[in-house]
Amino acid sequence: MNPRIKILLIVFIFLSVTSYAQKKESTGYSNYFEYDQEYGLHKEKGDYTLTVEYDNDTLKWQADNNFSTNVCTVDQKTDKYIIAISKDSTSIFYSIADKQLFYLTQWETSYTAYGLGKGSLALRELVTHMIRLINNSKTEEDVIQFLIQQAEYDF
Amino acid sequence: MRLSAFVISFSISCYSYSQSAIKSHYTNAYHCKQEGECNAYGGGYKQDLFIEFDENQLKWTKDIFQGFTVCEIRKESEKYIVALLDELYVYADLNNKSIYYIDFVHDKYQTWGYGPDTSIVNNRVTAMIKMLENHATQKDVMQFLIDQTVAEE
């Protein structure tokens, strides 16, 4: 085989493998926030670990070693964030830079926003804002747009 | 021996090159409380303000004998620095040689500012708290300060 083609082939294989490479991140955290439309803000203190494993197709996350792993399909991925959809159609937002995971669930007519991962004040700030958007008749897509905007700040 | 002397001298040169210091001053500290008042503190006489930074840390103090407040830099340009201290953002405006920061006390935000141009500092500290009262995030407030600094050019 032509040596040039050999090199090109090696580079192509290397790029394909690295672009598909799985990344696994574990973040210790001590506060987990939940903001329920009906019951308000709830903070749970503890010694937790958020483990997120992702590639271009799948995002797996586990809030603590005691809970099962949630497997989601990646919908959108940038170098700053990942949006994935769970089996029950919940949108999961993971901020890669801030190592924070957010999602919104709906039970009958009431929404609950969840925020877990690094930090405390930012999680509280963002889950509060997520529910504020819902209270102001915004859609789940608007909530995701808000999280994207926050994750895109490079500081 | 010669090599070690070179290494030491090179390290000192690198350190002095990467570390920057700004001596500034302020006449009043400006402070606003969420859903509260804005006030000026300091008596209106000239007081020192020291700002130091390298590529990792922003340090600032009003009193060099009390030591510096050390913050982790998140974004740095020739005109400004965005830094974090215990999840609260600190902003150094290098054009105006001023410092702004957000505090969170009893579940409410507070904003502070120090710098030589009292009018600019007062306006920004007031604008920062208004943004937080209107449910902006700390990051939104930092972006506002960046936009202000850049727009001044």
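First, some housekeeping. Residues count from 1 along each chain as its sequence is written, and chains are lettered from A, ligands numbered from 1, in the order in which they are written. Because the model is predicted, local features need pLDDT of at least 70 and side-chain atom pairs count only at 80 or more, while totals for chains, interfaces and linings use all residues.

Let's start with confidence. The predictor gives the complex an ipTM of 0.80 and a pTM of 0.84. For single residues we use pLDDT, the predictor's confidence in each residue, from 0 to 100. Chain B has a mean pLDDT of 90. In that chain, 88% of residues reach 70 or more. Where is confidence lowest in chain B? In helix H1, residues 2–18, at a mean of 54. Strand E8 of chain B, residues 88–93, is highest, at 98.

Now the layout of chain B. It has 3 helices and 10 strands. Those are DSSP runs, numbered from the N terminus: helices are H or I with at least four residues, strands are E with at least two. From the N terminus, the order is α-β-β-β-β-β-β-β-β-β-β-α-α. Of its 153 residues, 28% count as buried. Buried means 20 or more other C-beta atoms within 10 Å of a residue's own; exposed means 12 or fewer; partly exposed is in between; the C-beta atoms are placed from the backbone. Next, contacts: two residues touch if their C-beta atoms, placed from the backbone, lie within 7 Å. Take contacts in chain B between residues at least 6 apart in sequence. Of these, 41% join residues at least 24 apart.

On to where the chains meet. The contact takes 11 residues from chain B and 11 residues from chain A. On the chain B side, two elements give two or more residues: strand E6 (69–76) and helix H3 (138–151). H3(B) gives the most, with 4 residues. By class, that side has 3 nonpolar, 4 polar and 4 charged residues. Here nonpolar is Ala, Val, Leu, Ile, Met, Phe, Trp, Tyr, Cys and Pro; charged is Asp, Glu, Lys and Arg; the others, Gly among them, are polar.

Stay with H3(B). An expected helix span is 1.5 Å times one less than the number of residues. For the 14 residues of H3(B) that gives 20 Å, and the end C-alpha atoms are 20 Å apart, which agrees. Its buried residues are B:Gln138, B:Lys139, B:Val141, B:Met142, B:Leu145 and B:Thr149. Why are they on the same side of H3(B)? Because they cover an arc of only 160 degrees around the axis. That arc is taken from the directions from the helix axis to the C-beta atoms. Here is the background: an α-helix has 3.6 residues a turn, so residues three or four places apart point the same way. The face turned away from the buried side carries exposed B:Asp147, B:Val150 and B:Ala151. The buried residues pack against H2 and H3 of chain A, plus E7 (80–85), E8, E9 (98–105) and H2 (118–133) of chain B.

Helix H3 of chain A, residues 140–152, gets the matching check. Its 13 residues should span 18 Å, and its end C-alpha atoms are 18 Å apart. Buried in H3(A) are A:Val143, A:Ile144, A:Leu147, A:Gln150 and A:Ala151. They cover an arc of only 120 degrees, which puts them on the same side of H3(A). Their cover includes E5 (81–85), E6 (91–95), E7 (100–107) and H2 (121–135) of chain A, together with H3 of chain B.

Next, the cores. A nonpolar core is a set of buried Ala, Val, Leu, Ile, Met, Phe, Trp, Tyr and Cys residues joined through C-beta atoms within 7 Å. The largest has 36 residues. Which of them touch the most other members? A:Leu59, A:Ile92, A:Phe102 and A:Met130. H2(A) supplies the largest share, 7 residues. A second, separate core of 30 residues includes B:Tyr30, B:Ile51, B:Val82 and B:Ala83.

Last, two loop residues. A:Ser89 sits between E5 and E6 of chain A. Its phi is near 70 degrees, positive in a residue other than glycine. Buried or exposed? A:Ser89 is exposed, with 6 other C-beta atoms within 10 Å. B:Glu35 lies between E2 (29–33) and E3 (38–41) of chain B. Its phi is positive too, about 55 degrees, and it is not a glycine. B:Glu35 counts as exposed, with 9 C-beta neighbours inside 10 Å.
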